[in-house]
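Subject: Structure handover and notes

Dear colleague,

I am passing on the structure that I have been working through, and my notes on it come after the files. Please read them alongside the coordinates.

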Amino acid sequence: EKRVYFFGKGKAEGKAEMKHLLGGKGANLAEMTNLGVPVPPGFTIATSVCQEYESNKGKWPAGLNKEVDENIAKLEKAMGQKFGDNKNPLLVSVRSGAAVSMPGMMDTVLNLGLNDKAVEGLIEKTGNPKFVYDIYRRFIDMFADVVMGCSHSNFEKAIHAAKEKAGVENDNQLSAEQLQDVVEKYKAIYKKHVGSAFPQDPKKQLVNAVNAVFGSWESERAIKYRKLNKIESLLGTAVNVQAMAFGNMGEGSGTGVCFTRNPSTGKKEFYGEYLINAQGEDVVAGIRTPQPLKSLSKAMPNLYKELTTLMTKLEKHYKDMQDIEFTIQEGELFVLQTRNGKRTAAAAIKIAVDMLKERLINNREAVHRVTANQLDTLLHPSFDSNAKRDVVAKGLPASPGAAVGQVVFDAEAAEKWEAQGKKTVLVRTETSPEDIGGMAAAEGILTVRGGMTSHAAVVARGMGKCCVAGCSDISINEKSKKFSVAGKTFKEGDWVSLDGSSGQLMAGAVPTVEPKMSGDFKKFMSICDKVRKIKVRTNADTPEDAEKAIGFGAEGIGLCRTEHMFFEGKRVWYVRQAILEADNYAEMKKELAEADTKTDQQKIKSKYSETKKNFESALRRLASYQKKDFEGIFKAMAGKPVTVRLLDPPLHEFLPHDKATQSEMAKRLGVSLKKVKEQVEKLNEFNPMLGHRGCRLAVTYPEFYRMQAKAIIEAAIAASTPKKKVVPEIMIPLVGHVEELKIVKEEIVDEIKQVLKSNNTRLTYKIGTMIEVPRAALTADEIAAEADFFSFGTNDLTQMALGFSRDDVAKFTAKYIEYGIYKDDPFQVLDQTGVGKLIETGVKLGREQKKTLKVGICGEHGGEPNTIDFCADQGMNYVSCSPYRVPIARLSAAQAAS
Ligand code: ADP
Ligand code: MG
Ligand code: MG
């Protein structure tokens, strides 16, 4: 069993496809080596070993040690150097890297292999004692911090003191002697905190470092990151051991990060930052402020050309924007990492559209270049350009967006405040991986130090979160929870606004506006439409919603809830009047049916004359309101299909429950307060969601559905044009038994026939049903015989399948998710195992009965990417979701199809 994979001298044992085993970093180091990119040689210990290490309780599996030794020997040969040599020592970095990139999650140790002897050898070889002592002190610090758990801050104090004593500001201004002195201090600190002398044996250093990388996989912050990003099914992290390239050997050396396109805007340009005379971490850590990549073209023109040629080559090869780490060692270029670069939502769209134009990728690939979350951020508000801005400082526009919130100074507070429903802006000197939870909780992030590729910037872009970095104008006191700028002081809890696109920090809460779609956005969405198979409809109750959804690309209405209209303006009083008389009206009908003689009938009619008048006139009024509503919607949809769901909630919801409104109701309807109260009492239910609602209402009071059917058909007639006939789809909710559907349908069809007859016209219409009661899904074959279409109402279906009351679920879902009972909130992400089984059964049985049965989904889940993927798999015809989710649904549907 092979556990270690070598790369070097133009040949590697691994390749890009082996990410699962070698991690992203290792697989790409191998791939680049094979491509002939100048990569320092090294070897990768596979991710599977991390798992073995875990299950062996921290012991190496048999055979690993031998394989590592063989690879060290190979590396020594490739470099012409030897571990711990007193003439030409081999120095390596030990780097983590899992299959999924987790920025800054696990720590890297640089300059490993240095000891007192190697230091002498290296000074002799380079003639550069300053450089050698610099990397030795870095190594002791990193090794202590990452491997031995002795905090970096212990060493910070010592170097700070040394700089103060020397009267210099930056680390690299210390002389060789001063650095040598720092090394001695560091060793003493190491011994004091760790309890033993700094290890001199390079192999021992290596083993400890490898174990630390493995151990970090289970560190709190790594676990948190994986949980937050729902990263599962990874074996562990790989360990890359790689010969060092030194960016800190003087003014001819340096290190940097570059992108093949601009990660903020997506513009096709070389982009990046670098530092002269610095080592890897320095750029990211924001210790010094880096130079823009462009200035390298002046400082080192040949090298710049070589680098940009490589950038182009790597992008062509990977067919995606690359994020590349490089180091220049005395004029020689080395590439240390490449990966698909993180980018803002706007950049993702532009890059996908551009790369398609450049024929680097095809449609099916393009739709996978933007995530649903990214698209979501584009549909969010930005600052109102007319609003007054009290700009107090400007930093780097690290990740776009508009954040308005109250200032907090630590991640913990951000998380705590979010839990209380507050919006925050996290303000920090710089962020570190420990802050991830707080960054996710905050609306935006502001840092004092660090560039466009600093931790805060990279993570925020990944999260689609607004970030302003390197805002050095502000002076911050994290302890006393204050920062000041431009003569103003901000305390914890003060409101500020952050503009991630301009880098502005503003005092107070600046108003925001709705988003506008760019040309690239529209182009990208049309690519999605070409690729996807499943249609996307919207849930819309008003003409305004319908229009908005059409703007977002909806192809129809999958769910128009009629009851929302019942509350508008005066009409609720007619609804209440009808409810008040409904029982008497039913009683009247019953008595009439039982009456034997004409005189008896006459008597009954006069007894109920008030009831009949009130009930029927209330319904007539409602019908005319509803007709107008539906006409508006049909017109807005201009011939696109519209599914109207008939009355669903329990009648109780329409009655007033406070005394004042009850009195008003009594007065308006000319009845006693007592009668109103009695009716409220009578309609009260223990489990209203499982009570008298949906089609059950129509079984007892068919007049409500008849009224609605009449309104729908009349509206359809009015909205039809000779060219475009409206084909209304009438949907009956909460059916659980085919007999329910039959009874209700018969009434509706009878009403429709009357309407068509009196209008002397013909019209095609459809009558279908929601599948939201588990029994309906299980007997879908019987139901399909009576239905023209199915729409899975997954909110109720989830509620009834799980037995979780939608309205009470908040009390326990958090714990359920924490314990992993359900992976996600089942009301947000469809429970595919359970509820999904009901859907699968429903679709299968329904289509067995009726091959042409149209099937869709209209619950909250209809706009959720995983659920859309599932629905596409089930062969549904469409998903339906809220207007703002429509673009996301179009994207998810395209991704599901490719
Ligand atoms: P991360 O995943 O946090 O970026 P890396 O393993 O990529 O961690 O390393 C951290 C920094 O150290 C990077 O800037 C990288 O380029 C640099 N680095 C890693 N290995 C070497 C090496 N062998 N020579 C020079 N620099 C290195
Ligand atoms: Mg890296
Ligand atoms: Mg329902």
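The notes below go from the whole chain to single sites.

This is a predicted model, in which local features need pLDDT of at least 70 and side-chain atom pairs count only at pLDDT 80 or more, while totals for chains, interfaces and linings use all residues. Residues are numbered from 1 along each chain as its sequence is written, and chains are lettered from A and ligands numbered from 1 in the order in which they are written.

Overall picture

Taken along the principal axes, the C-alpha atoms of the chain fill a box of roughly 125 × 60 × 50 Å. The secondary structure comes to 35 helices and 34 strands, where helices (H or I, at least four residues) and strands (E, at least two) are DSSP runs numbered from the N terminus. Of the 898 residues in the chain, 50% are buried; a residue is called buried if 20 or more other C-beta atoms lie within 10 Å of its own, exposed if 12 or fewer, and partly exposed in between, with C-beta atoms placed from the backbone. Among contacts between residues at least 6 apart in sequence, 68% join residues at least 24 apart, a contact being a pair of residues whose C-beta atoms, placed from the backbone, lie within 7 Å.

The domain assignment gives domain 1 (4–243), domain 2 (254–340), domain 3 (380–513) and domain 4 (534–563 + 616–657 + 688–896), with bounds that come from an automatic or database domain assignment. The centres of domain 1 and domain 4, taken over C-alpha atoms, are separated by 59 Å.

An open sheet of eight strands has the order 15-25-24-17-18-19-20-16, and its pairing is mixed; two strands are said to pair if DSSP finds at least two bridges between them. Strand 15 (391–394) and strand 16 (396–399) stand at the edges with a single partner strand each, so one side of each is left without a neighbour in the sheet. From one strand to the next the twist averages 30°, with axes being lines fitted to C-alpha atoms, for helices over the stretch in contact, and angles running from 0 to 180 degrees between N-to-C directions.

Within this sheet, strand 17 (residues 402–408) and strand 18 (residues 424–428) pair in the parallel sense over three bridges, and Val 408 stands opposite Leu 426 in strand 18. Helix 16 (residues 411–419) packs on the sheet, where it touches strand 17 and strand 18, and its direction makes about 175° with that of strand 18.

Strand 27 (residues 535–539) is mostly covered, since five of its five residues are buried. Lys 535, Arg 537 and Asn 539 point one way from strand 27, whereas Val 536 and Thr 538 point the other way. In a regular strand the side chains alternate between the two faces of the sheet. Strand 27 pairs with strand 34 (residues 878–881) in the parallel sense over four bridges, and there Val 536 stands opposite Val 879. Two bridges also join strand 27 to strand 28 (residues 557–561), again in parallel, with Thr 538 opposite Ile 557.

Annotated sites

The sites below come from an unreviewed UniProt entry; positions are given in the numbering used here, feature names are shortened, and annotations may be inferred rather than shown by experiment.

UniProt places the feature "binding site" at Glu 772 and Asp 796. Although spread over 25 residues of sequence, they cluster in space, the largest C-alpha distance being 5.5 Å. Glu 772 lies in the loop between strand 31 (766–771) and helix 29 (774–778) and is buried, with 27 other C-beta atoms within 10 Å. Not counting residues up to four places away in sequence, Glu 772 touches Pro 733, Leu 734, Gly 793, Asp 796 and Leu 797. Asp 796 itself sits in helix 31 (residues 794–802) and counts as buried, with 23 C-beta neighbours inside 10 Å.

The annotation "active site", also from an unreviewed UniProt entry, covers His 455 and Cys 858. These residues span 404 residues in sequence, and the farthest two C-alpha atoms are 40.3 Å apart, so they do not all gather at one spot. His 455 is found in helix 18 (residues 455–463) and counts as buried, with 22 C-beta neighbours inside 10 Å. Cys 858 is placed in the loop between strand 33 (854–857) and helix 34 (865–873) and is buried, with 28 other C-beta atoms within 10 Å. Leaving out residues up to four places away in sequence, Cys 858 touches Asn 539, Gly 558, Leu 559, Ser 791, Gly 793 and Ser 880.

Best regards

Methods:
Contact = placed C-beta atoms within 7 Å.
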